[in-house]
Amino acid sequence: MESFLQTLIAGVLLGGLYALIGIGMTLIMGVMKIINLAHGELMMVGMYIAFWMFTLFGIDPYLSVFIASPILFFLGILIQRFLINPVLKVDSILPENQVILTVGIGMVLANLATIFFKSDYRATPVSYGTSAWYLSDYWESAPFDLSLSVPWTVSFVIAVAITIALWFFLSKTDSGKSIRATAQDLDAALLMGVNVKLMRVVTFGLGSALVGAAGCLFIPIYYLFPSMGGQFTLIAFVITILGGLGSTNGAIFGGLILGIFESMTATYVGMGWAPVGRFLIFVAALIFLPGGMASLLKKKRIGK
Amino acid sequence: MKKYLPLIVLACLAVLPLVGLSSYMLHMIVLVVMWSAVGMAWNLLAGYCGQVSFGHAAYFGVGAYTSGILYYKLNISPWWGIPISIVVVTVFSFLLGLVVLRLRGPFFALATLAMGEMMRVSAENLNWLTGGNIGILIQERTWIDKTYYYYIVLAIATATFLVVKYLMQSKIGYYFVAIREDQDAAESLGIDTTWYKTIALCISGALTGIAGAFYTNYMGYIDPHIVFALHDVSIVTIMIVMVGGVATLFGPFVGAIIMVFLAELVRSIPGLGVAHQTFFGILLILIIIFLPNGIVGDFQKIKRLFKFGGACK
Amino acid sequence: MKRLSVMMFMLSIVCGAAFAGPATAETLELGIPLPLTGAQAKFGEMEMRSYQIAMEEINAKGGIKGMTVSLNFEDGQGKPEISRAIAEKLIDVKKQPIIFGDYSSSCSKAIAAVANERKVPYLVVTGADDAITQQNYEYVFRMNPSNAYYAAGLGSFLSQVVKPTSIAILYESSDFGTSGADEMEKYGEKIGMKVVVKEKYEKGAVDFKPILTKVKAQKPDVIYMVSYVMDASLLMKQIKELRIEAKLFAGGAAGFAIPEFINNAKDAAEYVVTATLWSTQVNYPGAKEFAEKYKAKFGDYPSYHGAEAYSALYIVKDAIERSKSMDPADIRAAMKATKMMTAFGPIHFADKDGYQNQNFMETLVLQVINGKHETIWPESTASAKYVYPIPKWRDRK
């Protein structure tokens with residue numbers, strides 16, 4: 001019982017953070033239909049910002065969310081405006097050629113980080129880094145002991161807050177609605193007078209800002225080095241497909257499912273197999289649930 | 001001229017070892033030829049048939065491990081892996097196709113990516129079969145002289161080239177292109193798209209697997225992180241074709257020269273240090289922005305550019 | 001189409017010109033393959049800096065046989081085929097009579113095969129897979145013990161001090177992690193220690209709590225972890241968070257022995273012991289000086305990887321100076337006869353227990369005491385008395 005509950009807690013916390021990484025990608029993939037292989041590298045940039053803010057000025061990584069997100073927003077806009085847009089415009093046999101572009105961007109970002117910051121492993125040793133709340137501290141005669149890590153919980157809560165803010169932006173504001181319209185039906189959106197070009201730029205900026213924020217939330221519980229991006233790009237893919245392209249609600253559920261599933265596999269099957277489990281549900285979702293979680297939500301009328 | 005180009009290139013490549021290249025250069029050329037074979041195989045599935053696979057490492061790795069396991073478990077010469085891998089990888093591709101070919105576009109791409117990663121993790125965990133993360137080390141390679149390896153890989157690449165060329169001249173080739181251009185339209189014309197996609201996948205997979213089996217023999221050491229690598233195999237393959245020219249016969253070859261040879265050249269520029277990757281990354285970005293169909297695919301554009309600039313005549 | 005072939009021709013000429021670099025007689029140019037980009041870059045960088053320190057020292061004292069040493073670092077990116085390309089280049093184009101360096105086992109294997117085929121001695125620095133020196137490679141030498149011996153010192157510490165009855169083994173899914181875990185399992189059987197959990201994980205994992213929860217339920221005496229890098233500090237942080245009480249937390253070198261481990265895990269790192277090949281406190285000649293020099297220059301102490309690289313250049317120097325000529329075969333003979341003391345420890349390449357040209361050495365045990373790595377085992381070289389039993393998490397402030 002203790003194992004199960006502890007694993008569940010771990011899975012939910014992890015899932016919430018995964019969701020934030022995934023949302024950025026799901027927006028970009030939904031609106032622009034491109035596979036962004038530089039997503040993890042953008043997260044790395046966000047983490048470096050948080051790291052240097054902490055090291056140079058002693059700014060708490062969680063506060064860096066407000067610094068890293070705007071910077072990454074502009075970085076994303078620049079990348080979209082000057083690199084991705086020209087490629088999207090031209091006619092090519094396979095539209096997937098933008099993949100190389102994002103691979104190239106990722107390579108440059110990771111390599112620049114190596115040049116400027118060396119390949120040392122970095123971390124922000126915050127004072128609350130290893131503190132946790134224990135069930136037995138509050139309830140003396142607890143039948144078992146559960147723990148809740150402070151930084152993990154704070155990161156989770158902030159991730160949820162960002163997600164809610166994003167949800168409001170997408171469903172209540174005009175620009176948000178335009179982004180969703182572009183994702184759902186490009187031609188219809190064009191006909192309705194949505195400035196699709198602008199929306200694409202904004203979306204890429206927004207996606208980058210979100211993953212930058214995720215970077216700030218990850219650094220207190222994780223660590224940082226220049227070539228760390230790849231694995232987070234992969235995780236973001238899985239969540240995007242699990243949730244359904246372009247659906248933020250789907251991405252949240254996708255992230256949670258992935259987090260819980262991975263944790264359960266690690267406890268009950270073996271951690272070496274956890275990545276197989278991850279891709280197994282990924283492929284299963286692709287085949288049996290092509291619209292991702294979003295399509296299920298729609299059926300149940302709780303989605304948008 | 002154009003008709004004989006393949007023969008000319010082949011002849012040039014065939015006499016290459018005779019001019020007394022250093023073993024270092026020969027190694028680079030072996031890699032170029034091997035990667036162009038993989039690129040051609042990928043090109044058949046993605047460039048012509050329109051099914052962009054992000055998981056060719058799965059076929060490459062299964063081919064490589066076929067060879068490796070023959071040696072490691074059965075004590076048979078790993079060279080048998082080349083013919084045997086054709087069978088193994090074809091069956092493997094067929095089974096994989098049952099799952100992934102139901103999907104389209106980015107979904108297909110991501111499903112194949114997941115398959116590649118799943119194969120890697122499986123190879124890591126099936127210790128009794130693959131030796132797990134320790135990998136398989138072939139104690140003694142067959143030859144020290146690389147010329148033999150070179151001719152073998154050249155034969156593999158030539159065969160791959162011919163298969164792709166003749167397939168694309170046949171009726172099947174037209175079906176492939178029809179599927180790429182519009183799958184629904186192709187279906188409505190009575191083309192059994194799933195069947196032809198399966199054919200493309202199996203042939204492409206088998207050709208990749210042969211190259212993988214060659215890799216085991218040539219390098220003498222494999223482990224899951226090397227042959228099932230997402231970035232170093234799957235994505236490198238895509239880049240080779242995209243940079244060289246999608247849906248062109250020579251594109252993969254040109255792309256392999258750039259991705260292997262030019263990368264090595266950039267790496268060797270003195271004083272550049274670790275910045276060589278930035279340099280190479282920018283190069284890739286520029287190529288794709290200005291030549292979206294690759295160097296061979298947009299060759300007319302290059303020609304025009306040179307004429308405008310007056311650099312060429 | 002014609003233009004294409006012309007372009008190709010030009011390209012090949014340019015390549016030829018760039019690839020062939022002349023070497024002057026006054027300087028001894030040595031190329032070293034190292035992973036300077038990619039996931040292993042941290043260690044490549046540390047080794048590069050250490051080689052540079054050694055080079056400066058050697059040059060200040062007159063170089064090797066009167067020749068100034070000039071080092072060329074080649075980025076192998078941790079890819080075996082590129083490492084092999086570098087080795088081919090050094091042997092074939094640069095005519096370098098001895099190859100040394102690279103970091104991971106897979107790259108070292110690629111180079112070792114080439115070096116042995118081409119009959120050029122290769123000194124393995126840090127590649128730890130047992131198989132490298134078990135292939136009857138006449139020309140391949142290894143200065144670090146093979147993986148099977150990494151935890152020998154830790155093993156004796158366990159059996160003499162801790163006397164555990166059960167152990168949980170967590171290891172990274174790489175050749176280093178796997179063979180380290182297998183060795184500990186074998187050793188556990190020998191001393192009657194039950195392995196209750198043996199699990200691997202993918203490098204770079206974020207959350208170890210599920211697997212640690214499983215470990216917690218088994219209540220092992222010792223938790224032994226083999227991790228390359230920062231996984232080590234994440235593991236300890238999360239162990240502390242889950243308050244898993246074991247008699248001892250032990251690491252298998254690499255990730256537990258680098259300074260980043262303490263910097264990141266902070267108080268969770270306290271009292272963790274780790275196997276290691278070297279520490280800054282060992283009393284080998286030059287060890288402390290090297291460590292201080294490194295720290296003064298780069299701000300942190302090096303781990304055993306740095307010491308190995310630093311000493312490797314001295315071994316090469318020694319071999320070249322004793323060799324009759326610059327012929328690879330003569331240098332091999334000189335290497336084989338090596339018997340010297342370095343900052344990394346005594347070096348002698350022996351053939352025994354199925355290994356060839358393998359340097360066998362005593363391995364140490366470190367413990368984090370008051371936020372510092374202290375050598376605690378073997379007691380003859382200890383810089384501090386070990387802390388055992390360790391306090392429970394609950395009782396730590």
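Two residues are in contact if their C-beta atoms, placed from the backbone, lie within 7 Å. By that rule, residues 24 or more positions apart account for 77% of the contacts in chain B with a separation of 6 or more.

This is a predicted model: local features need pLDDT of at least 70, side-chain atom pairs count only at pLDDT 80 or more, and totals for chains, interfaces and linings use all residues. Residues are numbered from 1 along each chain as its sequence is written, while chains are lettered from A and ligands numbered from 1 in the order in which they are written.

Chain B has 16 helices and two strands. Helices (H or I, at least four residues) and strands (E, at least two) are DSSP runs, numbered from the N terminus. The C-alpha trace of chain B spans about 60 × 55 × 40 Å along its principal axes.

Chain B also meets chain C. The contact takes 33 residues from chain B and 29 residues from chain C. On the side of chain C that touches chain B, helix 3 of chain C gives the largest share, eight residues.

Chain C holds an open sheet of seven strands, in the order 7-6-8-9-10-15-16, with mixed pairing. Two strands pair if DSSP finds at least two bridges between them. Strand 6 and strand 8 of chain C pair in the parallel sense over five bridges.

Angles run from 0 to 180 degrees between N-to-C directions, and axes are lines fitted to C-alpha atoms, for helices over the stretch in contact.

| Helix | Reference strand | Angle |
|---|---|---|
| Helix 7 of chain C | Strand 6 of chain C | about 170° |
| Helix 8 of chain C | Strand 7 of chain C | about 180° |
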